[in-house]
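This text leads a reader new to the structure through its parts. Please keep the sequence and the 3D view at hand while reading.

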Number of protein chains: 2
Amino acid sequence: MIESKHIEHFTGIVGEENIYSDKAHLIAYSYDATREHFEPDAVIFPRNEADVSEILKYCNEHKIVIVPRGAGSGFTGGALPSHGGIVLAMEKHMNKILEIDMKNMVAIVQPGVINMDLQRAVEEVGLFYPPDPASQDYSTIGGNVSENAGGMRAAKYGITKDYVMATRAVLPNGDVIKAGKRTIKDVAGYNISGILIASEGTLAVLTEITLKLIPKPKMTKTAMGIFPTVNDAMEAVYKTMASGITPVAMEFLDNLTIRAVEQTFHKGLPVDAGALLVTDVDGNLEDDLNFQLDQIEKVFKENGCSEFRRAKDDKEAADIWFARRNASPALSVYGSKKLNEDVTVPRAVLPQLLEKFYAIADKYSVNIPCFGHTGDGNVHTNVMVDGSEPQQVKIAYKAIEEVFQATIDLGGTLSGEHGIGLAKAPYMKMAFSDAEMALFKSIKKAFDPNNILNPAKMGLD
Amino acid sequence: MIESKHIEHFTGIVGEENIYSDKAHLIAYSYDATREHFEPDAVIFPRNEADVSEILKYCNEHKIVIVPRGAGSGFTGGALPSHGGIVLAMEKHMNKILEIDMKNMVAIVQPGVINMDLQRAVEEVGLFYPPDPASQDYSTIGGNVSENAGGMRAAKYGITKDYVMATRAVLPNGDVIKAGKRTIKDVAGYNISGILIASEGTLAVLTEITLKLIPKPKMTKTAMGIFPTVNDAMEAVYKTMASGITPVAMEFLDNLTIRAVEQTFHKGLPVDAGALLVTDVDGNLEDDLNFQLDQIEKVFKENGCSEFRRAKDDKEAADIWFARRNASPALSVYGSKKLNEDVTVPRAVLPQLLEKFYAIADKYSVNIPCFGHTGDGNVHTNVMVDGSEPQQVKIAYKAIEEVFQATIDLGGTLSGEHGIGLAKAPYMKMAFSDAEMALFKSIKKAFDPNNILNPAKMGLD
């Protein structure tokens, strides 16, 4: 427990209305999307960068642990106060879009801005912020940057890191730093923004983020391909991408996922299909979009696609996307406990990866429905079991370990977009050598010698 | 001078044929494109990563300075052995394209591969590596990554950092690390590749680089706009980019540059024009390219463009590009000494930036011809004086200091693509706060506690 004199000090900085230390609020801030929970000692809502600086400086002097938090929607526990201390919550005050600079096509935001609020604001003026994690309706840009969030549109437009031009941040000692510029090119000094991205709040507290925007493409078209086998669909994915077409999205559902969606929502999906691929293309000219869809249809059909459906209007497009967007909740038909991983491999080994996952499912007699962003090799892999059966849960964790090993063996990564946090920390040593782990620790120490910022995350303790 | 026992040890690692310590060779490796020179104590050509590891480990134990080198074509002295020691030259053995993975659209190369060799190899199989620094015919990928090289195509396709997916590198202690994957998404662990990019060989020695490739666009078209004033042209640049069109290149020559090219090459350029803009668009459909050029012409003409010339064929395109490509050598008509900087600002302040530069030119009575990659706000600013007049050279350096200050005042950076090295090290404190410099130093120390790797670069000593 934190001493009351510290709480008094923080109250002096931010005012009584901006600090919680009562039980009810501590419980409210003890969760994130992992459903794990750890109570903090206090929750503080900084009003501005100066508050953040004063708070960090004090915490550093008194070795008080501090955990930055956006919406708490992370899947790996990055925002959980696993070692108690202060939760620094950005949602109340530091949630402003400070500027949309149309001339330079740049947005400057505070970390607590919700992703979708930014998307809407920039689209209103004809610009586009592509990163669209599934949590876009509630997750914050600060969290997106800290975890390097991906999304549906990554196949064409990349991920959060591809849009971060500059950051302002507070170091654990209270120093405010600026990194990067409102320029496409900047090679003066070390790429500090580059290392802050995906650092999960362990190196510094973000206070301002400058994001690249692009012109909003004038139109989008949607299509769906039905495949007899997963293998055919996975071959079609990388062959499409290598054919010279870059679809905005190339999303996939396997048979188990198709069945779960159909059972839950009754949309007339082809329940005997081995896999569905859902794709969007965009651009400024109707002819260009048709050209892209023609190419995709050609590659799909060369790879076993039995039916290629083009959406004729927005309603048909929404119908096609419905299955993909509702895949995750529908999976509960296979069990109350879902171990949901976001492993990613080079696209061309997707066929082998899926084969390995289904072999693991067979071995442990569990269902492992898969869906996800195959355009960028990112497969949401869900080991489903009955959460009330401890033996089942134990088996699920064994299966997950093999899922990670299979991914790493194929040149993939533990996480494509969710981060490591607490949930994947035990697997870091499967993915990184001693030398690499030692380097991570020395970087952590360079920024945060007293280890006050989000300790124990990423397997660094 | 390095002790002969050390030379013997290195000879034992790489063999006699792969180490030089004779005067002639030391002089050959004492230069780069800055024309500054510092002799190393020895030049070693590692055969492979294991050699690099052994050499670094030994250097670290004996505190011997080591400077990695690609082609030595840098403009800021990044590869100069300013503190003597070993030059680790990658061009002899570590110069292989290891793999072009067409399925995943990825190339894996050693650091000594020449940029253009990679471009040609991937284009032969229908793929595209966009970063095209002016040095592309001789600069190496290792150098490009270490300086985060830009190029003509950055306006649409970004710069080197946008293509680095993964790196292998040797730390100063000899440890080999892998960072990143052959995947679009990877958020496990700190973004080590992100911090190695643009680190100018001060943190680790790159031994292998995995680069993203994209499908090669089927066609390109070129056009030129003639403007009465620089201000009109600069307005047209950012308005074009903000209009929804992203040209591959949007290059600019000011009146002084136009005159220099015309005087040197007699190409019939409009010597009374305030500025020329040269632009390329690309894509897969003729109609799409025409659409893009129509939009550009419209915005240009709304902003004072007096003539818009579309190249009808490759020859006309080459003629249009000739002026831009030969701008740099032509400037010698204004003096034998050129202080060539690559400052970069947010595009929308280009008009003010150029105004400030010409005011500086007036103040010091020097010529400051400007040209460059205005599509990304990157202006090659050349203070031209008579190199045989020490007083003139002194004035030139004063002017350059004001060029930097004007750039920083407008939210710009000291360097868009050349890096800091030795040449810009004195100006780092204009651009970075004490806290930022302290952070750079602590990162340097985390990687290289004995400061053996390329010391004194980037103003860190």
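Domain bounds, as used here, come from an automatic or database domain assignment. The model itself is predicted. For chain A the assignment gives three entries: domain 1 covers 4-92, domain 2 covers 97-215, and domain 3 is made of 218-416 + 423-446. Taken over C-alpha atoms, the centres of domain 1 and domain 3 of chain A are separated by 35 Å.

In an unreviewed entry, UniProt places the feature "domain: FAD-binding PCMH-type" at residues 36-216 of chain A. Over residues 36-216, chain A is 22% helix and 24% strand. The end C-alpha atoms of this stretch are 39 Å apart.

We begin with a sheet in chain A. This open sheet has four strands in the order β1-β2-β4-β3, with mixed pairing. Its edge strands are β1 (19-20) and β3 (66-69) of chain A, each of which pairs on one side only. Strand β3(A) runs parallel to strand β4 (residues 86-89) of chain A, and four bridges join them. Within this pair, A:Pro68 stands opposite A:Leu88 of β4(A). Helix α3 (residues 49-62) of chain A packs on the sheet, where it touches β2 (42-44), β3 and β4 of chain A. The direction of α3(A) makes about 165° with that of β4(A).

A further sheet of chain A is also open and has five strands, in the order β5-β6-β10-β8-β9, with antiparallel pairing. Here the edge strands, each pairing on one side only, are β5 (97-101) and β9 (176-180) of chain A. Neighbouring strands of this sheet are turned by 10° against each other on average, direction ignored. Five bridges link strand β8 (residues 164-170) of chain A with β9(A), in the antiparallel sense. A:Thr167 stands opposite A:Ala179 in β9(A). Helix α4 (residues 115-124) of chain A lies across β5, β6 (106-109) and β10 (205-212) of chain A. Helix α4(A) runs at about 35° to β5(A).

How is chain A related to chain B? A rotation of 180°, with 0.0 Å of shift along its axis, superposes chain A on chain B with an RMSD of 0.0 Å. That is the relation of a two-fold axis. The C-alpha of chain A nearest the axis belongs to A:Gly194 and is 2.5 Å from it. Both copies use the same surface, as 100% of the contact residues of chain A recur in chain B.

Turning to chain B, strand β8 (residues 164-170) and strand β9 (residues 176-180) of chain B pair in the antiparallel sense over five bridges. B:Arg168 stands opposite B:Lys178 in β9(B). The two strands, β8(B) and β9(B), form a hairpin with five residues between them. In the turn, B:Gly174 has a positive phi of about 95°.

Two packed helices are described by the angle between their axes and the distance between the axes. Helix α8 (residues 230-242) and helix α10 (residues 286-302) of chain B pack at an angle of about 140°, and their axes are 9 Å apart. The crossing in which α8(B) passes α10(B) is right-handed. On α8(B) the contact is made by B:Ala236, B:Lys239 and B:Thr240, and on α10(B) by B:Ile296, B:Val299 and B:Phe300.

Terms used. Residues are numbered from 1 along each chain as its sequence is written. Chains are lettered from A and ligands numbered from 1 in the order in which they are written. This is a predicted model: local features need pLDDT of at least 70, side-chain atom pairs count only at pLDDT 80 or more; totals for chains, interfaces and linings use all residues. Side-chain values use heavy atoms; hydrogens and water are left out. UniProt positions are given in the numbering used here, feature names are shortened, and annotations may be inferred rather than shown by experiment. Two strands pair if DSSP finds at least two bridges between them. Axes are lines fitted to C-alpha atoms, for helices over the stretch in contact, and angles run from 0 to 180 degrees between N-to-C directions. Contact means heavy atoms within 4.5 Å. Copies are superposed by least squares on the C-alpha atoms of residues with pLDDT of at least 70 in both. A crossing is left-handed if the near helix is turned anticlockwise from the far one by less than a right angle, and right-handed if clockwise.
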